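Please keep the sequence and the structure in view while reading.

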Amino acid sequence: MFIKFLEATQETPETPKIISWEEIWNNIVSWCATSGLKFVISLVALIVVFIIINWTSKAIRNRLRKRGRDETIVNAIFSVYRKVLKFISIIAFFSVIGFDMTGVASIIASATVAIGLALQGSLSNIAGWVLIIFTRPFRLGDYIKAQGEEGTVEEINLFYTHLKTPDNKQVVIPNGNLSSDVIVNYSIKDVRRVELIFSIDYDSDCSKAIEVIRKVVERHPLALKDPAHFIRVKDYADSSIDIVCRVWTKNEDYWTLHFDLLEQVKVAFDENNIEVPYNKLDINIKKEN
């Protein structure tokens, strides 16, 4: 039995096939001379085409800017032009190197249908983007209020519009909701009206208070004379006489004038002994003998 075991152990398995490095090298050389050369040339051509697309898109954007075109339209044309041409270039690249584009086209069609069904809500955002771009209710850099939010428009992309709030927060609003809602644009007009309410005590001279406010407004360099300002009694409240002051100014000077008038009118009231009403509590002490 031991002899049979030794004979069995001496039997060698079938010798594995030895790798021929020469054959591998010949295959690499053959591939480089045929398909590899075509692949390299096509890849270089794709890179060159991408460079040309980026250069021409930037040239078009700069040319439109020099002509004074709206920045919102310029960015939209720049983005669509670049992405569409690059997509076509990639499809042409795969076609040249030998990919079966019939199968690729069917895959793209199926994927498009699947994505369309999955992103039905997002399609409304794309439609909203188109409406915003062509109707232009606001532009990049405008200060707007919509969907309960307000801020400066920083970006209008395919699905969302980005706002920057005054306290430096970012608000992202879907274009579908934005295009179908009321939008207040504070930046579209060159001139805005500052409206303030000044309350005085019933014991104060109403005509004198109006004249004091008028002098403060007329002295301020940011208050426009045309359109003319309006200062009149607005209401008789429970504990005060309310005087409305409406002054026109340039859009960029709105908040400066707003706060200046609040500060300067209070100082002028104090100088002219015009009292501003505030809550008072009268206490009567009854003495008993």
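A nonpolar core is a set of buried Ala, Val, Leu, Ile, Met, Phe, Trp, Tyr and Cys residues joined through side-chain atoms within 4.5 Å; buried means under 20% relative accessible area, exposed over 50%, and partly exposed in between, with a 1.4 Å probe and protein chains only. The model is predicted, so local features need pLDDT of at least 70 and side-chain atom pairs count only at pLDDT 80 or more, while totals for chains, interfaces and linings use all residues. Residues are numbered from 1 along each chain as its sequence is written, and side-chain values use heavy atoms, with hydrogens and water left out.

The largest nonpolar core has 23 residues, of which Ile213, Val217 and Phe269 touch the most other members. At least two residues of this core come from each of S6, helix H7 (206–219), strand S8 (241–250) and helix H8 (254–271); helices (H or I, at least four residues) and strands (E, at least two) are DSSP runs numbered from the N terminus. Apart from this core lies another, of 12 residues, including Phe138 and Leu178.

Glu150 belongs to strand S2 (residues 149–156) and is partly exposed, because its relative accessibility is 32%. Its side chain is joined to that of Tyr143 by a polar contact of 2.7 Å (a pair of N or O atoms within 3.5 Å; within protein, one must be able to donate a hydrogen and the other to accept it, and residues adjacent in sequence count only if both atoms are side-chain atoms).

Tyr186 lies in the loop between strand S5 (184–185) and strand S6 (191–200).
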